[in-house]
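Colleague: Hi! Could you walk me through this model? I'm still new to reading structures.
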Amino acid sequence: MINGELCIKVNGVKHWVRIAGAEHDTTPLIAIHGGPGGHQWILEQTGGKLLEEFATLVYYDQRGCGRSDPPADPGEYSIDILLDDLEEIRKALNVDKFIPLGHSFGGELALEYALKYPGCVEKIILEGPAIGDWDRLAINQIMSFISITDGEVQWKLRNLLQEGAPYTGRNGAAWGLVDEQTTMAFSFFKKGSYEKLVEISTDDAPRVGNEDMKEKIQEVPFSNLTGRIKAIESPVLVMTGLYDGNTGIDMARDVYRNLPNGEIEIFLESGHYIQMEEPEKMAEVVKEFMIK
């Protein structure tokens, strides 16, 4: 591998890819971002820089996300398509085995990839993983907002739990009820994290959000991922922030408890973005896991 940016066209879609740390010649870490509809920018600007100091790290933005092109058909989003995109990128990079590094929704994709292509995975690293249970995620997010609000806003949030609409719509309403300060407390633990996010959110930062992708992915019923991962034989590192209001420490725990060869690391000063709040510790934990 050679460091630099690439454009890899797979399944008719041009994907943005960047390789860093190729000089270390390690089993590549392939970072899988969250969302659905996120991108790699935060990891690139924060914890990823430390990982690049000792590991070969491959960043890529999923179809329709960040610096990658959208599919011609706005409906061409599914777990299977995203897994196939990743598999074709692996082949294009001429990599036999790699270590998926999945954040949030990317953690779900990493686990699904390992189930579908077990021979291509050496180890797996997860950061605040999701599990494809969108109702549970929505309830968790509403409850997290309730825990950090009071007064009329908290009352309105509690009422959302009593409505008859699908939970996946109610958590969207919850985000609309809270202010920016509450959103930051939901996502981060350290007070300076918001300022850091503003600092790296320059004009060069890619776009955020893909509603077509989010809608299609969230239509998929829960497929008992936590039960199915009992078949994963590869070593898995689960990392979770104690103050993660998004996917929550409970999801990370439930992933860990169902893995036959897993370990868990709880970061005591992080929310959903360990890569941003405790990057040095994250790099140390990842490095130790890679050399085991």
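**A chat about the fold**

Modeller: Happy to! Let's begin with charge: the protein chain carries 28 positive and 47 negative side chains, and the centres of these two sets lie 3 Å apart. Keep in mind that this is a predicted model.

Colleague: Thanks! How many helices and strands are there in the chain?

Modeller: The chain has 14 helices and eight strands. Its radius of gyration is 18 Å, close to the 19 Å that the globule rule gives for 292 residues, so the chain is as compact as a globular protein of that length. Along its principal axes, the C-alpha trace spans about 55 × 45 × 40 Å.

Colleague: And what share of the residues count as buried?

Modeller: Of the 292 residues, 53% count as buried.

Colleague: Which residues touch the most other members of the largest nonpolar core?

Modeller: Those are F105, Y113, I124, L126 and V255, in a core of 44 residues. Helix 4, residues 105–116, gives the most to this core, with six residues. There is also a second, separate core of 23 residues, and A20, L51, Y59 and L101 are among them. In soluble globular proteins, nonpolar side chains tend to be buried together.

Colleague: What does V255 touch?

Modeller: Not counting residues up to four places away in sequence, V255 touches L111, L126, P129, I131, I229 and V238.

Colleague: New topic! Where is S223, and is it buried or partly exposed?

Modeller: S223 sits in the loop between helix 10 (211–218) and helix 11 (225–228). It counts as partly exposed because its relative accessible area is 35%, which falls between the 20% and 50% cut-offs. Leaving aside neighbours within four places in sequence, S223 is in contact with E112 and R228. S223 and G132 are 91 residues apart in sequence, yet their C-alpha atoms are 7.3 Å apart in space.

Colleague: What about the backbone of N224?

Modeller: N224 has a positive phi, near 55°, and is not a glycine. Most residues other than glycine have a negative phi. N224 lies in the loop between helix 10 and helix 11, and at 41% relative accessibility it counts as partly exposed.

Colleague: And what is the phi of S104?

Modeller: S104 has a positive phi of about 60°. It is found in the loop between strand 5 (99–103) and helix 4. S104 is buried, because its relative accessible area is 7%, under the 20% cut-off.

Colleague: Last one: which residues does the cis peptide bond join?

Modeller: That bond joins G35 and P36, with omega about 0°. P36 lies in the loop between strand 3 (29–32) and helix 1 (41–45).

Terms used:
Residues numbered from 1 in each chain as written. Predicted model: local features only at pLDDT ≥ 70, side-chain atom pairs only at ≥ 80, totals over all residues. Heavy atoms only, no water. Helix = DSSP H or I, 4+ residues; strand = E, 2+ residues; numbered from the N terminus. Buried < 20%, exposed > 50% of the residue type's maximum accessible area, 1.4 Å probe, protein only. Contact = heavy atoms within 4.5 Å. Rg over C-alpha atoms; globule rule 2.2 N^0.38 Å. Lys, Arg positive; Asp, Glu negative; His and termini not counted. Charge placed at Lys NZ, Arg CZ, Asp CG, Glu CD. Core = buried A, V, L, I, M, F, W, Y, C linked by side-chain atoms within 4.5 Å.
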